[in-house]
Structure formats: structure tokens, C-alpha cells
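Subject: Structure for you to look at

Hello,

Here is the structure I said I would pass on. Please open it first, then read my notes below.

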Amino acid sequence: MNLSTDIWVWVGVFLTFCIYSFLYRDNPFYKFGEHLFVGVSNAFTLSFMVHRIIIPILVRPFTEAWRTAGSEGLSAGLFNPYAPSNFLVIIPGVIGCFYFARFIPGLTWLVRIPIALFMGYYVGRSVPAYLEGSVFPQMRGTMLTQASFDPAQGGILGGIFALLVLVGVIGTLTYFFFSKEHKGVVKWGAQTGIVFVMVGFGASFGFTVMARVSLAIGRFIFILRDALGIVT
Amino acid sequence: MNWERLLKIDRRVIFLTMALAIILPLLFPIRLTMGVQRVTRNLFQAVEAIDPARQCLLISTDYTPQTEPENHPMAKALMRHGFARRVPVLVNALYVEGAPLIDQAITEVMGDFNARATSREDSILYGRDIVYLGWQPPPIVPILAMGESITGIYPDDYYGNRTDSLEVMRRIRNYADVGIVVAITPLSSPLWYVQFAQTKYGVKVGAGCTAVCAPDFYPYCATGQLSGMMAGMKGAAEYEELVEQKYRTGGRLKATEGMASQSAAHVLIMVFVILGNVAYFAMRRKS
């Protein structure tokens, strides 16, 4: 045994036990660990945001532009959005501050402006990217073509897997097709689909178990190796 | 057999059994043979294909401390692979909470390499062999902007240095100089790189994901949109093994350390599932 002399390792061990104590039952130690985690995460994110984003990207360019304008007078360069010091940064800064307008009765409508800009930007960027990067290539990947039987793709076996994917996709879509009663061919399609859906759930469950066990292993390695020095 | 009693077993007994299944293989290690999945091998090959003279490896570390046991070994294994091949490594973070973790990983892996180095050429130097670009929100912005200029969206690195003053950044300008982006994450960031960076700039993308996300990414590996993937701690262990087999980089292989416990825990869960089902059907027949 080679006990760690680092105080922070023992703080980590204590907090690990605080959180795991929930497995026995809810208790004040768990609550302490949970609240500490939420508080520290938020404080860390906020301070990081202020020092790495708000000051260098918003405050510093504006104050430097202000100083330059004071000493040398206004110039077109101070309104160049690509310049390291410029007045234009105040526009997104003010729009961002509109988020806080929800706390001022009578001005709450202002909050719609940043939300609208944010949503507009993301929807405009995301929809074509999603279609181009996910929907179309994945549809293409589902098609059964001669290339599916190409020796480089696994030959006959690759073709059989491609066929299986095609059957699975059509079956699952049929299962979730609710505009027609599940009778006859539709019923067969839906029943095939449910088999694939169940296999999918099983795979997801297996992967989830693996992930949760991995997290527990990480904590036990930390306790046994880093803190207690029992395992090498 | 008293099936009813088995079905009413206290959940805390199960937790305790699970803890033992994890702890015992750590205390009494056994070496298990480990197969390497094709997706992990493909990722390894994609990193092998990078031309060190003109390209770099970009590791997008998009994880937080919650998934450290799964994601952290992936980042370290990739750095080891890059350093062993003398491929410049750029590291960025799309989530702020994980940023200091990455700093720790860089220090550890650089330390391992430099402890064995005999000359300046052998050593791993910050600015020449690796740059930690840090964090820049929101994720979509740096992903898109790196297609134009990496130093433009990351003017300062994590440590406050001007990125355009760093040696390696004089030749790495944008995605055209990136051999592959490997996004390590418990979320969907590999898909963001596929949707925003690959479609527009044609950069290769790989994934290192938690096991929970893996089923979402397999279809993208099948279509070739993802060049390869490390799935969960097992994927990280496979990658560690591949790097170790080829380059003997040494250092701590944290994911590999946990594989015996992982197997023991999985066997235990399978036993629980089978026992639970047998007991359920036995009780149903009885009633």
C-alpha cells in the first residue's frame, strides 16, 4: 500500500463516496456532493467565459477602440469588424444583453431579438448541413446496389448485410407507419420491423451497460491506485 | 429453489456484488486476449496515413469530467500515436468543463515521451509538436471557422500564447492541412464535424465516443463518413494496444487496465439477467 500524500486526491475520494452513498439511500453526503458539483461547474464555466470570451472578444476591443478614439480621434479603422480594436463589437454585446430584459417588466419583448437571431443562424446553418451530411448519405448507404456485393465491401457477405439493413429500414418504417391498419403485407412488414427495433434496443442497452460499468471502473481505479496505491 | 426470494433480492446486494466484480480483477489482474474491432483498426490506419511533413492530427476533445474514464484514455492514446509518428498534434475543446483535463493529459503524455528523449529532436516540444488551442464557443463556430483559418478563430492558445507565433501554426492553416479530425465525446460532435466540416471542406473525421453513443455512429462508419471509431473504454483499450504494439510508447494504459473488470462485470450482468428471467418465468408458471 502506498497512500497518496496529495490532499486533493483524498478530496476526490471523499466526494466519490459522497456520490456513491446514494446507492444505499438518499442522504446529506450525497446532497452535499451533488450541490457542490453543480456549483463548481457553473462557477468554473462562468469565470472561464468571462476571462476567455467576454474580456478578450468584447471588452478589450471596445476599450482599446475607445482609448484610440480619445487620443487619435475617430477613424474608419475603428469600425472595421476584423480590426483587433473596434466599436462594432458593442452591437452583439448589446443584443446579448437583451437576454436579461426578461427581468424588466415592460421590456421582456426584447428577449425575442437575440433568440430570433440565434435560432435563425442555427436553423439556417443546420438544416442544409443535416440533409447533406446525414440524411442523403445515410439514404444512399441504405440502397442495395451492385457495389454492395463488391469484393472490397465484403463480397457476398457484404451484400447480405446490405440486404439486411435494407429489410430492417423498410420493416422499421412500416412498423411506425400508422396511416394504415397493420394487416396483411403491412402486418408482416411491421412484425419484421419490430424484430429489428428490439435488436436495436438490445444493442443500445448493452452499450449503455458497458458505459456505466466503465465509469465505475474509472472511479475504482482512482481509489485503489491513485489514493490507496494498492494496485500498480 | 425459492424463486420468489431471488426476485425480491435487495438492490444493494446487487450493487455490492457488482463492486466486487470490478475490484477483484483490479487487485488480482488477469491478462485477457482482446480482439480489435474493424472500426478501431480503421481509425488507427487513418492516423497512420497522415503525412507528418504537411499535415497534422486534430483532436477535438469534447468531453467533460463525467466521462473521463472512457474518453480521457482515447485522447492520450491518440496523442501518443501522433507523437510516435512525429505528426503535429492540435488539440481543441468544444466544451469548457473538460479544458483543464486536456491540459493534464498533454502534460502527462509529453512527460512520458520527454523522459525517454535524448536530444531536442527526440523531445516533444510545445508549439512544434503540439498546440492546445483551448476552448471557443459555441461549437458550430470554431468547427466552421477552422475551414478558413485555425489561427483566426483561435488567436490565442489555452496558455495565452499568440497561435500565429507558434512554429507549427505557420504551416497548418486550415482543414486542408489537417489529416484527420478525431472528435472525442459523449455527445454528437463527430456528426457536427461530418455535417459542417466534412461536407464543406472535405476533411476526414473519426470518432472516439462513449459506449452509449456508439450505436449512433456505426451507420456513419458503414458509409465511410467516419473514417473509424473508438467505442467506449473497450475501443480506447484497443487503440492503446494498437499503438503500443507498433511503437512501444510506454506510459500508463488506463483503458487496458480496466478491461478485466469490464469483462467480469459484463459476465455478472448476464448472469443476473438470465437468473432474473428464469425466476420470472418460474414464478409465472407457479402462479
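I begin with residues 79-100 of chain A: the end C-alpha atoms of this span lie 26 Å apart, and 36% of the span is helix and 0% strand. Helices here are DSSP runs of H or I with at least four residues, strands are runs of E with at least two, and both are numbered from the N terminus.

Before going on, note that this is a predicted model, in which local features need pLDDT of at least 70 and side-chain atom pairs count only at pLDDT 80 or more, while totals for chains, interfaces and linings use all residues. Residues are numbered from 1 along each chain as its sequence is written, and chains are lettered from A and ligands numbered from 1 in the order in which they are written.

Transmembrane annotations

An unreviewed UniProt entry gives "transmembrane region" for residues 7-24, 36-59, 79-100, 156-178 and 190-211 of chain A. Such annotations may be inferred rather than shown by experiment; their positions follow the numbering used here and feature names are shortened. Residues 7-24 of chain A are 78% helix and 0% strand, with 26 Å between the end C-alpha atoms.

For chain B, UniProt (unreviewed entry) places the feature at residues 12-32 and 263-283. Residues 12-32 of chain B are 76% helix and 0% strand, with end C-alpha atoms 29 Å apart. Residues 263-283 of chain B are 100% helix and 0% strand, and their end C-alpha atoms lie 30 Å apart.

Domains of chain A

Chain A is assigned domain 1 (1-103) and domain 2 (143-232), with bounds from an automatic or database domain assignment. Taken over C-alpha atoms, their centres are 39 Å apart. In contact are 9 residues of domain 1 and 8 residues of domain 2; contact means that C-beta atoms, placed from the backbone, lie within 7 Å.

Contact between the chains

How many residues does each chain give to the contact? Chain B gives 38 residues and chain A gives 35. Among the elements of chain B that give two or more residues to this side are helix 2 (11-27), helix 10 (232-247) and helix 12 (259-286). The chain B side divides into 22 nonpolar, 10 polar and 6 charged residues. Ala, Val, Leu, Ile, Met, Phe, Trp, Tyr, Cys and Pro count as nonpolar, Asp, Glu, Lys and Arg as charged, and the others, Gly among them, as polar.

Regards

Technical notes. Contact = placed C-beta atoms within 7 Å.
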